[in-house]
Every structure is written in C-alpha cells, then in structure tokens.
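Take a look at the structure below. Keep it in view as you read.

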Amino acid sequence: MLLIYCPYCEEERPEAEFTYAGQAHIVRPGNPSDMSDDEFAAFLFMRDNAKGVHAERWRHTHGCGRFFNVLRDTVTDKILMTYKAGEPRPALSTEAAQ
Amino acid sequence: MSVTVKELAPVGRLSVRTERADAEGLVDALGLELPQRIGTRATTGGRDALCVGPDEWTVTLPEVDCAAVIAALDELDEPACAVDISHRETTFAIEGPDGDTLLSMGCPIDVTAIESGAGTRTVFADVPVTLWRDGPTLVRMDVWRSFAPQVRTILEDGLGELAAQQKLRAA
Ligand SMILES: [Zn+2]
C-alpha cells in the first residue's frame, strides 16, 4: 500500500483513505464554443501516459476531504512530492527524482 | 481479554463548515472555540469539536441543543453552515488495554499514534469512520448507521480472536 503525505493534514496516511482523481493541471477552456471538435475532444479525453514523473490529482476522501496534487513516478510507483490544489507544479531536484 | 465494545446512547452531532473559524460571534454561537489544526479537538461543557478538514468540524453536543446552535449560526454575518447529522451516525465505545489491537484489525492507520483528546477521520474495514480518543484506553468510533451492523460483526469477530489468543496463552 502507498503511504501518501496529505499537504492539508500534514501527515502521511495509507492509500486506503485516498481516491485517485486523474491527471493534474488540466485547464478547463474558458469558452468551449470557440473550440473545434478536435480541440475540445483533446481537452476532454486525451491524457498523458507518462513513463516516469506524472502529476496527478488525489483526494483525501476519508480524511480532510481535500483534493491535492501528487508527483508520482509511474515506473517505481514512488510518490516524489505532494502539494496543495491550485499551487503550480513544483520543479523536482534530481536527488528527489531518484 | 481486556477490551469491551459498547454502542453508546444517541447524541447530537453537527457538521460545521466555515472559511473563518475565528469569525466574530462564532464562539458564542457554538459554545466553544473551534480548534484550528486538523485532528485536534476542543471540549467544553458537554460539547466536543473535532477539526476534520481545513474548513470542516464535527461537533457533538446534547441533542436538544442542536436546533439552537443552528439558529445562532444563521444569525452571524460571516457565513457558517451547520448541518444536523445526529441521526446519520451511531457510536461504538472501544474501551480497555486491548482496544487499539482491536481497532488495528480494521484501521490502516497507526491508531496508537492518536493522542488522548485528539481524533481523526479514517476507515475501519473499508467503512468511513471518525475516531475520538478520550483516554489511553478509550476510543469512540462514529459509524454511519447503515454500516453499523457490518462494523459490529467485524468488531465481534475481533473480540473472538482476542479471546482465542488469550485462551492459547493461558493453555
Ligand atoms: Zn488530508
């Protein structure tokens, strides 16, 4: 089981308390009517399939209830960093990425 | 086996949400100061508030006081919302030196790390619960009523296992 550090509870908690919620930092279009079908389909359906570091949303469902973001290495399943919703994706130092 | 499980009598419960826990009048309306850090509690005069999220508290109080508190919060300038969830949940009191062992049969967190006078939301055997530690060997566990029979069965299984272990040790 993964141990996930919740940036709101400021505590490491077991994965059983959390829910995965897809790729992070997907910006909702301000005016979808201005987009072509292809552009809107790309926003709605197309997601990265990173081999390596992936920014993704998680929710501490059975804790504080908050959504937050996680940088996880999809190769090792190691969680490198967690940060609050709304914060920009932090840069990873090479040490942290290893 | 030194642990007992007892279902407690009904109690008033409010889910309180506000962006400003320090808003004017809030203390008077609730009858206590809301604790600021997630997992901490404030207890005064039969009322108990647990901070469960950045803007969310669970408050227990005598059932008869719920309506008055909700009305008092309505009067405030700063928006604060209280919902009566008294009947949504029931509470099991798990008491005795083996209480943490029993809880750890269902909880994925280290329940011994919850300090006396603190609490947390978590899961017990995949069921969402709220734990309130009232003493080194006393924990209250709030469970949604529809899940209560399942949780009770699992707790009883756990009591059976603890009793069997004790028998083995004694033999
Ligand atoms: Zn949390």
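The model is predicted.

Start with the domains of chain B. Chain B splits into domain 1 (12–87) and domain 2 (89–170). Taken over C-alpha atoms, the centres of these two domains of chain B are 25 Å apart. The domains touch: 13 residues of domain 1 of chain B contact 16 residues of domain 2 of chain B.

Now turn to helix 2 of chain B, residues 66–74. Which of its residues are buried? They are B:Cys66, B:Val69 and B:Leu73. These residues lie on the same side of helix 2 of chain B, because they cover an arc of only 70 degrees around the axis. The other side of helix 2 of chain B has exposed residues: B:Ala67, B:Ala68 and B:Asp74.

What do the buried residues of helix 2 of chain B pack against? The table lists the elements.

| Packing partner in chain B | Residues |
|---|---|
| strand 2 | 12–18 |
| helix 1 | 26–30 |
| strand 4 | 47–53 |
| strand 5 | 56–61 |
| strand 6 | 80–84 |

A:Leu44, A:Phe45 and A:Met46 form a nonpolar patch on the surface. Together they have about 350 Å² of accessible area. One of them, A:Met46, sits in the loop between helix 1 (37–45) and strand 4 (53–59) of chain A. Is A:Met46 buried or exposed? Its relative accessibility is 59%, so A:Met46 counts as exposed, the cut-off being over 50%.

Definitions and conventions:
Residues are numbered from 1 along each chain as its sequence is written. Chains are lettered from A and ligands numbered from 1 in the order in which they are written. This is a predicted model: local features need pLDDT of at least 70, side-chain atom pairs count only at pLDDT 80 or more; totals for chains, interfaces and linings use all residues. Side-chain values use heavy atoms; hydrogens and water are left out. Buried means under 20% relative accessible area, exposed over 50%, partly exposed in between (1.4 Å probe, protein chains only). Helices (H or I, at least four residues) and strands (E, at least two) are DSSP runs, numbered from the N terminus. The arc is that of the directions from the helix axis to the C-beta atoms. Contact means heavy atoms within 4.5 Å. Patches are made of residues with over 30% relative accessible area and no salt bridge: like charges are joined within 9 Å, nonpolar side chains (Val, Leu, Ile, Met, Phe, Trp, Tyr) within 5 Å. Accessible areas come from the Shrake-Rupley method with a 1.4 Å probe; for residues, only the protein chains shown count as cover. A salt bridge is a side-chain nitrogen of Lys or Arg within 4 Å of a carboxyl oxygen of Asp or Glu. Domain bounds come from an automatic or database domain assignment.
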